[in-house]
Amino acid sequence: MDNSMPVVSKMYCTSTPAALMIRRRPMVVNGGGFVVTDFSHNVVFIVDGCGILGSKGELMVKDSDGQQILFISRKGGIVQVLSTRNKWNGYSMDYQGKNKLVFSLTDPKSCIAKGAPVRIHIEPKRHCNNWDFEVCGSFADRNCTIIDCTGKIVAQMGKKELIESNDFYHVTVQSGCDQAFIIGVMAVLDNIHGESTRC
């Protein structure tokens with residue numbers, strides 16, 4: 001699979017690996033969420049959770065100028081209630097405010113499905129049969145990777161050295177991979193684990 005294809009937009013793909021720093025905002029400041037910077041401390045993305053959006057199960061990724069680029073929502077309804085997995089849908093936002101489905105993420109929600117992997121499906125469908133990306137490892141421990149369906153690592157997360165807090169961590173996004181998409185996945189994982197984007 002060619003992971004150099006953009007998910008949100010080609011403007012978020014770079015020809016070299018990108019090291020991004022994530023800093024969680026306190027819930028009392030702007031309702032939580034987190035800020036993503038490069039290692040020169042320039043803001044690259046801003047993630048807002050339900051404290052700002054006012055609705056549980058909704059997330060917004062913005063660029064450094066505050067423009068909305070990715071809206072993510074947890075799917076609801078009776079079918080979802082009966083399912084053993086939660087489904088999150090990510091929609092790219094254009095300058096006219098129109099939404100286009102670009103990915104779906106499923107995570108286990110019950111004791112029956114615990115231990116099942118978090119998987120991501122890209123829209124439109126790509127070359128893989130069942131899933132396009134998978135999250136491996138532990139988000140809670142800040143030690144996880146995102147792989148494509150061929151097993152190639154596209155992003156890797158770790159704790160910031162010398163800082164013992166889970167409020168700071170880094171993500172290395174491989175060249176050609178959509179950084180906005182990876183930050184969207186991080187936002188969903190943050191919400192699933194009841195962290196800064198969740199009310």
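Contact here means heavy atoms within 4.5 Å. By that criterion Phe-181 touches Val-7, Val-8, Phe-103, Ile-120, Ile-122 and Phe-133, not counting residues up to four places away in sequence. The model is predicted, so local features need pLDDT of at least 70 and side-chain atom pairs count only at pLDDT 80 or more, while totals for chains, interfaces and linings use all residues. Residues are numbered from 1 along each chain as its sequence is written, and side-chain values use heavy atoms, with hydrogens and water left out.

Of its 199 residues, 46% are buried, where buried denotes under 20% relative accessible area, exposed over 50%, and partly exposed the range in between (1.4 Å probe, protein chains only). The accessible surface of the protein comes to about 9800 Å², and carbon and sulfur atoms account for 51% of that surface. Accessible areas come from the Shrake-Rupley method with a 1.4 Å probe, and for residues only the protein chains shown count as cover. Among contacts between residues at least 6 apart in sequence, 41% join residues at least 24 apart.

The interior may be considered next. A nonpolar core is a set of buried Ala, Val, Leu, Ile, Met, Phe, Trp, Tyr and Cys residues joined through side-chain atoms within 4.5 Å. The largest such core has 42 residues, of which Phe-103 and Phe-181 touch the most other members. Helix H3 (residues 179–192) gives the most to this core, with nine residues.

H3 is mostly covered, 13 of its 14 residues being buried. At the start of H3, a side-chain oxygen of Asp-178 reaches to within 3.0 Å of the backbone nitrogen of Ala-180. This pair is a polar contact, that is, N or O atoms within 3.5 Å; within protein, one must be able to donate a hydrogen and the other to accept it, and residues adjacent in sequence count only if both atoms are side-chain atoms.

In the segment after H3 lies His-193, which is partly exposed, with a relative accessible area of 38%. The His-193 side chain reaches the backbone oxygen of Leu-189 at 2.9 Å. His-193 also touches Phe-139 and Ala-140, not counting residues up to four places away in sequence. The C-alpha atoms of His-193 and Ala-140 are separated by 6.9 Å, although the two are 53 residues apart along the chain. Gly-194, which also follows H3, has a positive phi near 65 degrees.

In one, the closest N and O atoms of Lys-62 and Asp-48 are 2.8 Å apart. Lys-62 lies in strand S4 (residues 58–63) and Asp-48 in strand S3 (residues 43–48), so the pair ties together parts that are 14 residues apart in sequence. Asp-48 is buried, with a relative accessible area of 3%.

Glu-134 and Arg-119 meet in a salt bridge at 2.6 Å, N to O. Because Glu-134 lies in strand S9 (residues 133–138) and Arg-119 in strand S8 (residues 118–122), this pair ties together parts that are 15 residues apart in sequence. Glu-134 counts as buried at 11% relative accessibility, whereas Arg-119 counts as partly exposed at 27%.

Notes
Helix = DSSP H or I, 4+ residues; strand = E, 2+ residues; numbered from the N terminus. Salt bridge = Lys/Arg side-chain N within 4 Å of Asp/Glu carboxyl O.
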